[in-house]
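Colleague: Can you walk me through this model? I would like to start with the record and then look at some helices and strands.

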Amino acid sequence: MGLVRHVVCAMSGGVDSSVAALLLKRRGYSVTGVFMKNWDSLDESGVCSAEKDCADAYRVCQSLDIPFHQVSYVKEYWHEVFSNLLKEYEKGRTPNPDILCNKHIKFNHFQKYAINTLGADAMATGHYARTSQEDEEVFQNRKSVRLYKGADLLKDQTFFLSQISQDALRQTMFPLAGLTKEFVKKIAAEAGFDHVLKKKESMGICFIGERNFENFILEYLEPKPGNFVCIEDGTVLGTHKGWFTLTLGQRARIGGQKEAMFVVDKDVVTGDVFVAPTTNHPSLFRDTVRTDRFHWLTVDPPPELVRTQMMECHFRFIHQMPLIPCTVTLNMDGTVWISVSQPVRALTPGQFAVLYKGDECLGSGKIIQLGPSEYTLQKVTSN
C-alpha cells in the first residue's frame with residue numbers, strides 16, 4: 001500500500017468545487033473540504049449567501065464522507081483586497097477583486113492554512129485551468145510550473161489566476177483541468193449533488209455577490225459629486241455622485257439626456273467625467289497600455305523578452321474577451337508597454353493586462369497608464 005496523499009480542496013458550495021472534491025476522492029487521495037468565509041454579512045445592508053453556500057459545501061463533504069472545516073478570512077479580505085479596491089476606485093481606476101482575492105486570500109492565506117495547519121501535501125480548487133505538472137509531481141515541488149488554459153475554453157479561468165505565486169502554483173491541483181462545464185454538471189448529477197447543480201453561477205464582486213454597484217460603493221466612499229462633460233465640445237450635460245461609481249465604456253445615466261452617452265475618461269482632480277455619444281466613439285479606443293511591475297508566473301521575465309526587450313504574444317484585460325495579438329516592450333523597472341494589433345474598446349486603468357503565448361498564461365500586470373485614444377490622434381492629425 002503506497003502513501004496516501006492528503007489534499008485540501010477549497011469548497012465554495014458550488015458545482016465546480018464539489019466535483020473537484022469528488023474526483024480527488026475517486027483518485028484515492030485523502031481529501032479534506034474547507035469553506036472560506038471572506039466577507040462578513042453582518043457588516044452591511046446587502047444580502048449575503050455565505051451561510052447557504054457553507055451549508056451546501058458541508059452537505060457535499062458529508063455525502064463524500066470527508067472531513068469539513070470552515071475558515072474565516074474576513075479581516076484579511078478587508079485589509080488586503082477590499083481596502084485596496086476602495087483606494088483604486090478613489091484614484092479613478094476600476095480594480096479586479098477576483099484576481100486580487102486569488103492572489104492574497106485563496107493562493108496565499110488559505111494555501112498556507114491547508115499545508116501548514118491541516119498538514120496537506122497539496123491543495124486543490126475547482127478552477128478550469130491546467131498546469132505543466134502531472135498530479136504526482138505536485139508532491140515533489142522541484143521545478144517551475146507553467147499555467148495553461150483549461151480544456152473548456154469558454155470556462156477557462158487562467159485569467160483570474162494570473163497573479164498567483166510560483167510557490168502556490170507548484171502546490172495546487174486543478175482536478176477539472178481536462179473537463180468541460182457540461183461534463184462537470186453530468187458528474188454532479190450522477191453523484192446526486194442536486195442542491196449545488198441548481199445554483200446559478202456566482203457573479204459580482206468576489207465573495208460579495210451581485211448588488212447595485214453605485215449604492216454599494218457609496219456605503220464605503222463619501223459621494224464626490226462632479227460634472228458629466230461632453231468630450232467633443234466641453235458642455236456640461238449633468239452631474240454624477242462620484243467618478244468611482246463609473247467605469248470606462250459604460251453608459252452614463254444622465255437625467256434629461258435623450259442621446260446615449262458613454263464614459264470615456266475621468267479627471268479625479270476636477271471630478272469631471274468625460275462622456276461621448278455612441279458606444280463606439282473613437283475616444284473609447286486605444287492600442288497601447290502600460291502596466292505596473294509585471295508578474296510573470298514562471299520565468300521572471302521570459303528570456304526572449306530579456307534578450308530583445310520585445311516579445312510577440314496575446315493580450316486580454318477582460319475574462320472572456322477574444323485574445324488579441326500584441327507586442328510587449330520591457331522597461332528597466334519591470335513594467336511593460338503593451339501595443340495591441342488593433343485598437344481595443346474601453347481599456348481601463350486598474351484592470352489587469354493578462355498575457356498568453358499559445359495555451360500558456362504568462363502572467364499579468366495592472367494597467368496604470370493608457371496611450372492616446374483614436375479621437376485624440378484624429379484631432380492631432382487634423383490640426
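Modeller: UniProt, in an unreviewed entry, lists residues 214–276 as "domain: tRNA-specific 2-thiouridylase MnmA-like central". UniProt positions follow the numbering used here, feature names are shortened, and annotations may be inferred rather than shown by experiment. This is a predicted model: local features need pLDDT of at least 70, side-chain atom pairs count only at pLDDT 80 or more, and totals for chains, interfaces and linings use all residues. Residues are numbered from 1 along each chain as its sequence is written, and side-chain values use heavy atoms, leaving out hydrogens and water.

Colleague: How much helix and strand is in 214–276?

Modeller: That stretch is 6% helix and 35% strand. Both are DSSP runs numbered from the N terminus: helices are H or I with at least four residues, strands E with at least two.

Colleague: Now helix 3. Where does it bend?

Modeller: At Phe82, by about 30°. The bend is the angle between axes fitted to the seven residues ending there and the seven starting there.

Colleague: And what comes just after helix 3?

Modeller: Gly92, which takes a positive phi of about 90°.

Colleague: Switching to strand 15: how many bridges does it form with strand 16?

Modeller: Six, in the antiparallel sense, joining residues 310–316 to residues 324–330. Two strands pair if DSSP finds at least two bridges between them. Met310 stands opposite Thr329 in strand 16.

Colleague: What about strand 18?

Modeller: Strand 15 also pairs with strand 18 (residues 352–357), antiparallel over three bridges. There, Arg316 stands opposite Val354.
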